[in-house]
Amino acid sequence: MILGMTPFTLFHVILSLIGIVSGLVVLAGMLASDRKEGWTLIFLITTVGTSVTGFLFPFGGFTPAIGFGIISMVFLITAIIALYVCRLAGAWRWIYVVSAIVSLYLNVFVLVVQSFQKIPAFNALAPTGSEPPFAVVQGVVLVLFVYAAYLSLRRFHPLRTLAA
């Protein structure tokens, strides 16, 4: 076991980290009105994979993690439909932007939660996850994502770029 993780957990974590990194590249592309098609495909596949593998952990009933996974899958499916079926036409552009960014945000939210649970230095600051340092970090992450979504909605117009 690497870092005390089972191979399945390690696979899930790697998928999640690839999803986050590729999602940040996709977000940077949105801010520049660049579809980043290859990165987008990696982001969507690995983020769907993160959610799907998350459902395969042993649970004894409905948990917040399952709820997050369901919400994430709804946004991911919406983003996939908006991009690959509806081709970002009309309202599907903003639906894609919001869905993709919410999907990325949810993955980053879980990264912060897991970081405070598993990294000793962070856990010492917020051992239960209800302390101010945890709330501040999650608040900053949320504000950054809301601002990035606002800017992306204004700037991401890839169909205009293609037509020019």
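Student: Is Phe134 buried or exposed, and what is its relative accessible area?

Tutor: Before answering, note that this is a predicted model, in which local features need pLDDT of at least 70, side-chain atom pairs count only at pLDDT 80 or more, and totals for chains, interfaces and linings use all residues. Residues are numbered from 1 along each chain as its sequence is written, and side-chain values use heavy atoms, with hydrogens and water left out. A residue is called buried under 20% relative accessible area, exposed over 50% and partly exposed in between (1.4 Å probe, protein chains only). Phe134 has a relative accessible area of 13%, so it is buried. Phe116 is buried as well, at 6%.

Student: How many aromatic pairs does the structure hold?

Tutor: Rings of Phe, Tyr and Trp (its six-membered ring) pair if their centres lie within 6.5 Å; planes under 30 degrees apart are stacked, over 60 edge-to-face, and the rest tilted. The structure holds seven such pairs. In one of them, the ring centres of Tyr96 and Phe156 are 5.9 Å apart and the planes stand at 40°, so this pair is tilted.

Student: Where do Tyr96 and Phe156 lie?

Tutor: Helices (H or I, at least four residues) and strands (E, at least two) are DSSP runs numbered from the N terminus. Tyr96 belongs to helix H4 (residues 92-118), while Phe156 sits in the loop between helix H6 (132-155) and helix H7 (158-163), so the pair ties together parts that are 60 residues apart in sequence. Both Tyr96 and Phe156 are buried.

Student: What kind of pair do Phe116 and Phe134 form?

Tutor: Their ring centres are 5.3 Å apart and their planes are at 90°, so the pair is edge-to-face. Phe116 in helix H4 and Phe134 in helix H6 are 18 residues apart, and their pair links distant parts of the chain. There is also an aromatic cluster, formed by Phe68, Tyr105, Phe109 and Phe145.

Student: How should I read the packing of two helices?

Tutor: Two packed helices are described by the angle between their axes and the distance between the axes. Axes are lines fitted to C-alpha atoms, for helices over the stretch in contact, and angles run from 0 to 180 degrees between N-to-C directions. The axes of H4 and H6 come within 10 Å and cross at roughly 165°. This makes H4 roughly antiparallel to H6, given that angles over 145 degrees count as roughly antiparallel, under 35 as roughly parallel, 65 to 115 as roughly perpendicular and the rest as oblique.

Student: Is the crossing of H4 and H6 left-handed or right-handed?

Tutor: A crossing is left-handed if the near helix is turned anticlockwise from the far one by less than a right angle, and right-handed if clockwise. H4 passes H6 in a right-handed crossing.

Student: Which residues of H4 and H6 meet?

Tutor: Contact means heavy atoms within 4.5 Å. Among the residues that meet are Tyr105, Phe109 and Phe116 of H4, and Phe134 and Phe145 of H6. The contact of H4 with H6 has 20 nonpolar, two polar and one charged residues; here Ala, Val, Leu, Ile, Met, Phe, Trp, Tyr, Cys and Pro count as nonpolar, Asp, Glu, Lys and Arg as charged, and the others, Gly among them, as polar.

Student: At what angle do helix H1 and H2 pack?

Tutor: Helix H1 (residues 7-31) and H2 pack at about 145°, with their axes 8 Å apart. H1 passes H2 in a left-handed crossing. The contact includes Gly19, Ser22, Gly23 and Val26 of H1, and Phe43 of H2. By class, the contact of H1 with H2 has nine nonpolar, 12 polar and no charged residues.

Student: Which residues does Phe43 touch?

Tutor: Phe43 is placed in helix H2 (residues 37-55) and is buried, with a relative accessible area of 1%. Not counting residues up to four places away in sequence, Phe43 touches Gly19, Ser22, Gly23, Val26, Ala100, Ser103 and Leu104. Phe43 and Gly23 are 20 residues apart in sequence and 5.2 Å apart in space, C-alpha to C-alpha.

Student: What is the phi of Ser33?

Tutor: Phi of Ser33 is near 55°, a positive value in a residue other than glycine. Ser33 is found in the loop between H1 and H2 and is buried, at 14% relative accessible area. Arg87, also not a glycine, has a positive phi of about 55°. Arg87 lies in the loop between H3 and H4 and is exposed, with a relative accessible area of 52%.
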